[in-house]
Amino acid sequence: MGRITRRSFVAGTAGAVSGLITAGGAAAADRDGTLERAVREVAGRRPRREFRGVWLATVANRDWPSRPGLTADAQRTELLAHLDKAVERRLNAVVLQVRPTADALWPSPYEPWSQWLTGTQGRDPGWDPLGTAVREAHRRGLELHAWFNPYRVANDTDLSRLAPTHPARLHPDWVVPYGGKLYYNPGLPEVRRFVEDAMLDAVRRYAVDGVHWDDYFYPYPVAGQSFDDDAAYVRYGSGFPDRDAWRRHNIDLLVRETGARIKRIRPRLRFGISPFGVWRNRSSDPRGSATTAGVQTYDDLHADTRAWVREGILDYICPQLYWNIGFAAADYAVLVPWWDEVARGTGVDLYIGEALYKAGDPAQPAAWQDPAELSRHLTLAARHPSVRGHCFFAAKEVAEDRIGAMARVVADHYPGRAR
């Protein structure tokens, strides 16, 4: 079966407007954007407004709720305060973490209520956080993107601490302990189908504006440990040159299948991923960035983020460029143009993930003690046409803004609400 990608959709639609330009003028029209505008018009789309997002993390009560066990009214009050702060900062999107550890912030038939709400996994909090977030965000003119973590099960390795009906307890063979945490095994087809079903339940139930994944696929490497997927590799890995290629195939399947299923459920719903900011260093691949990062998504997380963009299977990519301008191993000023080039001509929007949490942190380099560092990021990114916005990590820092870095961004770059 042929798969439909954003790139093939644009190419197919372009045929409907081929009469607008002569064959000889096609290249020029592409360069000045005429064909792209015509394609969008025929497709019934408008150029997207600048994305000004904030991540609202729930895992370990990072941003919200402030602690587990608050009353439903107190949780709701805190949530609305975050939405109001996003409006005050002239943002237009909130990326809410609704499946942090194989659990749910909505009444899911697949997984238990999140422990970060009540303190006890599986306990009904007495309200519907995701439903409320969607409704209240839209009332304020904000997009609400539902943020899912596909494979993380728990931040410890004790299955008995999970709710008795948790799928990982019912299917312990699905789970791999690694680095002091539990993960679903991406190499099992039944796991892939299950996590897709669990995430897409929210898509069917709620008018979310996007499905958003973060940077966790296969887990980040832990020195001296190996991710034990031996049995799955023996069973399913034949025909691949090595285990790394098989693992990348597993993640590719998850991305492609989820994207296709989203479009069948809600064709206009946006699907985006926010990966670690370095695909590969140039020393590993001539197509890579001029960086010397210790982690590479392609090699270490088995996520071919560049291919997902080049093949147009996402609606947006939001690489986490959490480094300052001039940082030797992974310079923001090197990575923005690299991602700009990757996204160019694909139809995939490029948003930049910004490390607001580092601003004013005394443990960070001197650049992060300057309130203007983040503003300089947006100034630099504006020179690159593929960049369509930014997302700030995270909501707690958007509210606290300890050295005024967010206020400086708003003053310099967000004089009014995004159109």
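Of the 419 residues of the chain, 56% count as buried, that is, they have under 20% relative accessible area with a 1.4 Å probe and protein chains only. The model is predicted, with local features requiring pLDDT of at least 70 and side-chain atom pairs pLDDT 80 or more, whereas totals for chains, interfaces and linings use all residues. Residues are numbered from 1 along each chain as its sequence is written, and side-chain values rest on heavy atoms, without hydrogens and water.

The chain contains 16 helices and eleven strands, taken as DSSP runs (H or I of at least four residues for helices, E of at least two for strands) and numbered from the N terminus. Among contacts (heavy atoms within 4.5 Å) with a separation of 6 or more, 73% join residues 24 or more positions apart.

Beyond its neighbours within four places in sequence, Trp-213 touches residues including Met-199, Leu-254 and Thr-258.

The axes of H8 (residues 189-205) and H10 (residues 243-265), which are lines fitted to C-alpha atoms over the stretch in contact, with angles from 0 to 180 degrees between N-to-C directions, come within 10 Å and cross at roughly 30°. H8 is therefore roughly parallel to H10, a description applied to angles under 35 degrees. Among the residues making this contact are Leu-200 and Val-203 of H8 and Leu-253 and Ile-262 of H10.

Definitions and conventions
Parallel < 35°, antiparallel > 145°, perpendicular 65-115°, else oblique. Buried < 20%, exposed > 50% of the residue type's maximum accessible area, 1.4 Å probe, protein only.
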